[in-house]
Amino acid sequence: MKSMLSAISNALCRVTGRKVVAQTVSEAGTVVASRSYADFTPRVTFDIKKCDLHGLEVGPPLKAELTRAQGLEYYRTMQTVRRMELKADQLYKQKIIRGFCHLYDGQEACAAGIEAAINLSDHLITAYRAHGYTFTRGVSVKEIMAELTGRKGGVAKGKGGSMHMYAPHFYGGNGIVGAQVPLGAGVALACRYQGNDQICVSLYGDGAANQGQIFETFNMAALWKLPCIFVCENNKYGMGTSVERASASTDYYKRGDFIPGIRVDGMDVLCVREATKFAADHCRSGKGPILMELQTYRYHGHSMSDPGVSYRTREEIQEVRSRSDPIFMLKERMLSNNMASVDEFKEMDTAIRQEVEEAAQFAMSDLEPPLEDLCNHIFANNPPLDVRGTNQWSTLKSIS
């Protein structure tokens, strides 16, 4: 009977566009209570935390409007990234995922908020903690999980692994600390050269913030007024070193000196979204680059080889989880303002778990790339160049 009622509900959704999201069934099998989308509050304006400013007279707004559709979309995005990372943790411990693996759980509001404020035609480049951005840039969970396990169905055909995933207008996943920042400025230079009104978001962590190439890039970007948002994801620890022990100044949003900066609550998806909108408008208006520091937190260690509790306590991690978890905060906002139901979130969670589990099964059963693919995708169309008299297809013989 319940399956028949579910089918009727789905049919009503197709015909009327008003899906039944919660219903109670009596013993006789009749529907005695139901709620449709029309019962929910369609939009709410929330107060959000004020950003700290550097070199700016006006900053992002102190209020953010959230529609029901946006809230559900942000929740689905963040929850999918969270479940995907937890599954990656499990597969790594089972030795199905090998090599480097840096997880993003805890920082989901950064990826979801930035993506909500820019266009898919805009550009984004990040460091090696890249799974979340790979997903928000349009790559499926299935392709991400297959890449993590080194299978040919992965987004980089199993050749990139955790740190090297790509998509249109998304340039990875970069393993060299801080190297993606000048690359991102180069993408922004191309945007300005082409005059296409696009911008580039160039992300790095607090651990990379002291790299010399970061400051060289700031200088060039400011001189050339590049449309680049430099984003420091400050998750409080660079590997196992706290920001207080690594940096004489932890005001990363001021590090651009002559570049304006804003410090943002990176655990609140609405704060990140509004700050990114502000930064994007700044860049598109021809004012040059801007720097955003997102104050966030990672629940896992630096990488899977780091338990994450030798330099911080479990109590510290649990306090952040209970006080400012980005997924929980958004969910509570929506529930307390009648923007969604508990059952709706439960259904969404179940569907996400199923999607991640199916992706993991594919990632474990898909074939590895064949050996003959090892040297493919190195050169575009031209034949390889000889380097010191040889190339990768040469048959080498020992003359000793």
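**Close-up 1. Helix 3 is mostly covered.** In helix 3 (residues 108-117), nine of its 10 residues are buried, where buried means under 20% relative accessible area with a 1.4 Å probe and protein chains only. They are Glu108, Ala109, Cys110, Ala111, Ala112, Gly113, Ile114, Glu115 and Ala117. Helices here are DSSP runs of H or I with at least four residues, strands are E runs of at least two, and both are numbered from the N terminus. This is a predicted model: local features need pLDDT of at least 70, side-chain atom pairs count only at pLDDT 80 or more, and totals for chains, interfaces and linings use all residues. Residues are numbered from 1 along each chain as its sequence is written, and side-chain values use heavy atoms, with hydrogens and water left out.

**Close-up 2. Helix 5 and its cover.** Helix 5 (residues 141-148) is mostly covered, with six of its eight residues buried. Val141, Ile144, Met145, Ala146, Glu147 and Leu148 are the buried ones. What covers them includes helix 2 (68-93), helix 4 (131-136) and helix 12 (342-365). Gly150 follows helix 5 and has a positive phi, near 75°.

**Close-up 3. Helix 6 packs with helix 7.** Two packed helices are described by the angle between their axes and the distance between the axes. For helix 6 (residues 180-194) and helix 7 (residues 212-224), the angle is about 15° and the axes are 9 Å apart. Axes are lines fitted to C-alpha atoms, for helices over the stretch in contact; angles run from 0 to 180 degrees between N-to-C directions. The two helices are therefore roughly parallel to each other, the class for angles under 35 degrees; over 145 counts as roughly antiparallel, 65 to 115 as roughly perpendicular and the rest as oblique. From helix 6, Val181, Pro182, Ala185, Leu189 and Arg192 meet Gln213, Ile214, Thr217 and Trp224 of helix 7. Contact means heavy atoms within 4.5 Å. The residues of this contact divide into six nonpolar, two polar and one charged. Nonpolar covers Ala, Val, Leu, Ile, Met, Phe, Trp, Tyr, Cys and Pro; charged covers Asp, Glu, Lys and Arg; the others, Gly among them, are polar.

Close-up 4. Strands pair if DSSP finds at least two bridges between them.

**Close-up 5. Strand 12 and its partners.** Five of the six residues of strand 12 (residues 290-295) are buried. Strand 8 (residues 228-234) pairs with strand 12 in the parallel sense over six bridges. Here Cys232 stands opposite Glu293. Strand 11 (residues 261-265) and strand 12 also run parallel, joined by five bridges. Asp265 has Gln295 as its bridge partner in strand 12.

**Close-up 6. Ser247 in its loop.** Ser247 is in the loop between helix 8 (243-246) and strand 11. Ser247 is buried, with a relative accessible area of 7%. Leaving aside neighbours within four places in sequence, Ser247 is in contact with Asn210, Tyr252 and Arg255.

How values were computed: Buried means under 20% relative accessible area, exposed over 50%, partly exposed in between (1.4 Å probe, protein chains only).
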